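Below is a short exchange on aromatic rings and the terms used to describe them. Please look at the structure before reading on.

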Amino acid sequence: MKKALMVWGGWEGHEPKQCVEIFEPFLREQGFDVRVENTLDVYTEQDYMRSLDLIVQVWTMGELSPEQTKGLLEAVRSGVGIAGWHGGLGDSFRNNTEYQFMVGGQWVSHPGGIVEYTVNITKPSDPIVAGLSDFKMRSEQYYMHVDPSNQVLATTTFSGEQCAWIEGCVMPVVWKRMYDEGRVFYCSLGHVAADFDVPEARTIVQRGMLWAARCL
């Protein structure tokens, strides 16, 4: 049986518990033994961390201790997959550059707050987005600093309405990458749990978790 750890906490505005409650049943349906924690101290359980197939982190802002950082990063380097969305993975520990190196990006702004925008599928041959068409979101449109080594699967284009100097900027929304032996999946959608009422957003995260766990 595959083993997954879901860790939630941090800023409550991103509804971390509610988002975990959306995806925990899916992982169980896929045959995962799922452990849910509301503390980062689980990252210090080194033997347990290395025994996992998947880590799903839903933790915005906050800090990792040196021991927590070591446990998380060493697990992923050893081959444990990690997956997440929005600020739960892409704006978790702002002062931890090695963590950001693993994720492949860091949130820096969401011009205009809640806006309507289009997500464009850019690599339709990839199993995470296969069969999906471009779709609309009404939520935060994340502007991020991103690693050029990411394999980008979907993007969004900024209109410049809020910030004229970024008009036409094409920004990654969904990517996957490796961190040593570990698979890393990220999706910038998911400001609140209701964002996953959009079928494409929910499907992308479901498939991304499976990919990170080497089930897709």
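The questions and answers that follow concern the aromatic pairs of this predicted model.

Q: How many aromatic pairs are there under the distance rule?
A: With ring centres required to lie within 6.5 Å, the count comes to 8 aromatic pairs.

Q: Why is the pair of Phe23 and Trp85 called tilted?
A: The ring centres of Phe23 and Trp85 are 5.0 Å apart and the planes stand at 50°; stacked needs planes under 30 degrees apart and edge-to-face needs over 60, so the pair of Phe23 and Trp85 is tilted.

Q: What makes the pair of Phe23 and Trp85 one that ties together parts apart in sequence?
A: Phe23 belongs to helix H1 (residues 16–29) and Trp85 to strand E4 (residues 81–85), so the pair ties together parts that are 62 residues apart in sequence. Both Phe23 and Trp85 are buried, and together with Phe196 they form one aromatic cluster.

Q: How do you know whether Trp175 is buried or exposed?
A: The relative accessible area of Trp175 is 0%, and buried means under 20%, so Trp175 is buried. Tyr186, also at 0% relative accessibility, counts as buried by that cut-off.

Definitions and conventions:
Residues are numbered from 1 along each chain as its sequence is written. This is a predicted model: local features need pLDDT of at least 70, side-chain atom pairs count only at pLDDT 80 or more; totals for chains, interfaces and linings use all residues. Side-chain values use heavy atoms; hydrogens and water are left out. Rings of Phe, Tyr and Trp (its six-membered ring) pair if their centres lie within 6.5 Å; planes under 30 degrees apart count as stacked, over 60 as edge-to-face and the rest as tilted. Helices (H or I, at least four residues) and strands (E, at least two) are DSSP runs, numbered from the N terminus. Buried means under 20% relative accessible area, exposed over 50%, partly exposed in between (1.4 Å probe, protein chains only).
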